[in-house]
Amino acid sequence: MDESPAILVTGATGNVGGQVVAQLRERGGVHVRALTRHPAGADLPDDVEVVAGDLSEPESLDDALNGVDAVFLVFPTLQADARAPELVARLAKHARRIVYLSADGVPDDRDVPVEGITGSHAAIEHLVEDSGAEWTFLRSGGMATNTLGWAAEIRATGVVHGPYAGLSRSLVHEADLAAVAVIALTESTLVGAKPVLTGPEILTQVEQAAAIGEAVGHPVRYEEIPRDAMRVRIIDEWGWPPATADAALDAWEAMVGNRDGVTSTVEGLTGRPARSFRAWAVDHAADFR
């Protein structure tokens, strides 16, 4: 019988979760269990145990959680908030440790009101803190993978349409998020920690588009559209509630011209510099071609 500790990775077929699975396998010494709603299409290595389950239906998780030591939690933010208390209680009943992929901007003070996606992350953090399980919150800055939402436009026209061309962020590579997650899942050094994880540099959306263009070998341009037009797109195409759309647009507007927010946490924890957005674009060039 395999006596290695079992780690359940949620979002295992996604960008960050997929990297957590790969890096846990590379590290060795643990049994990797991958949660997915569609096991038949998971396409994961044979030594990864693929189990069925849906975080928005906590009652579907009992088999997946049986014998689990730790959980890497990627929560379906906003989609399943109503059942979050039941979900976290079920995770904590089975697992000794929960490592939650949260977001930069969640305040440490619970009395500070937050809304939208940040508010959802804050609510999950509070539930996990109160659950009795050991925990680590990976407070991610902007994720480089969010720019994959530009891929269809880039492939078709080479032009990205969106709000606030001057919005500036330090986008973090999913492999760096996963590297810190693996430390949190397998070692005790980050128990009770809330590390803020970013990339090594801040780029505007114009600069991000240009970096993708360099990676794919042809120019890519960012073209700003008005806030009202983007609001309609967020609500009608993305399906976000109006209040969430407004909160997101306000947050993005506040990032215009921002030149703060780079942390050295990735390097401090992993021993090597965080990967740049340009390196990320090279890694994902095929997605934009």
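A: Handedness of a helix crossing, then: a crossing is left-handed if the near helix is turned anticlockwise from the far one by less than a right angle, and right-handed if clockwise. Keep in mind that this is a predicted model.

Q: Fine. Which hand does the crossing of α1 and α6 have?
A: The α1/α6 crossing is right-handed. The two helices pack at an angle of about 55 degrees, and their axes are 8 Å apart.

Q: What does that angle make α1 relative to α6, then?
A: It makes α1 oblique to α6.

Q: Which residues make the contact?
A: From α1 they are Asn-15, Val-16, Gln-19, Val-20, Gln-23, Leu-24 and Arg-27. On the α6 side the list includes Leu-177, Ala-178, Ala-181, Val-182 and Leu-185.

Q: Now the sheet. What is the strand order?
A: It is an open sheet of seven strands, ordered β3-β2-β1-β4-β5-β6-β9, with parallel pairing.

Q: Which strands stand at the edges?
A: β3 and β9, the latter at residues 196-197. Each has a single partner strand, so one side of each has no neighbour in the sheet.

Q: How many bridges hold β9 to β6?
A: Two bridges, in the parallel sense, with β6 covering residues 134-140. Arg-139 is opposite Val-196 of β9.

Q: And where does α1 sit on the sheet?
A: Helix α1, residues 15-27, packs on the sheet and touches β1 (6-9), β2 (31-36), β4 (68-73) and β5 (97-103). Its direction makes about 160 degrees with that of β1.

Q: Which strands does α6 lie across?
A: Helix α6, residues 174-186, lies across β1, β4, β5, β6 and β9. It runs at about 155 degrees to β5.

Q: Let's look at β1. Are its faces covered or open?
A: Both faces are covered. Ala-6 and Leu-8 are buried on one side, and Ile-7 and Val-9 are buried on the other.

Q: How many bridges to β2?
A: Four, with β1 and β2 parallel. Within that pairing, Val-9 has Ala-34 as its bridge partner in β2.

Q: And to β4?
A: Four bridges join β1 to β4, and the two run parallel. Here Val-9 stands opposite Phe-72.

Q: What hand is the β-α-β unit made by β1, α1 and β2?
A: That unit is right-handed.

Q: Some single residues now. Is Arg-33 buried or exposed?
A: Arg-33, which is in strand β2, has a relative accessible area of 9%. The cut-off for buried is under 20%, so Arg-33 counts as buried.

Q: What does Arg-33 touch?
A: Leaving out residues up to four places away in sequence, Arg-33 touches Ile-7, Leu-8 and Val-9, then Glu-49 and Val-51, and also Asp-63, Ala-64, Leu-65, Asn-66 and Val-68.

Q: Where is Leu-55?
A: Leu-55 is in the loop between β3 (49-52) and α2 (62-65). It counts as buried because its relative accessibility is 8%.

Q: Last topic: backbone. What is phi of Asp-43?
A: Near 55 degrees, a positive value in a residue other than glycine. Asp-43 is in the loop between β2 and β3, and at 76% relative accessibility it counts as exposed.

Q: And phi of Tyr-164?
A: Phi of Tyr-164 is near 55 degrees, which is again positive in a residue other than glycine. Tyr-164 lies in the loop between β7 (159-162) and β8 (168-169).

Q: Is Tyr-164 buried or exposed?
A: Tyr-164 is buried, with a relative accessible area of 11%.

Technical notes. Residues numbered from 1 in each chain as written. Predicted model: local features only at pLDDT ≥ 70, side-chain atom pairs only at ≥ 80, totals over all residues. Heavy atoms only, no water. Buried < 20%, exposed > 50% of the residue type's maximum accessible area, 1.4 Å probe, protein only. Pairing = 2+ DSSP bridges. Contact = heavy atoms within 4.5 Å. Axes fitted to C-alpha atoms, helices over the stretch in contact; angles between N-to-C directions. Right-handed = clockwise from strand over helix to strand, strands pointing away. Parallel < 35°, antiparallel > 145°, perpendicular 65-115°, else oblique.
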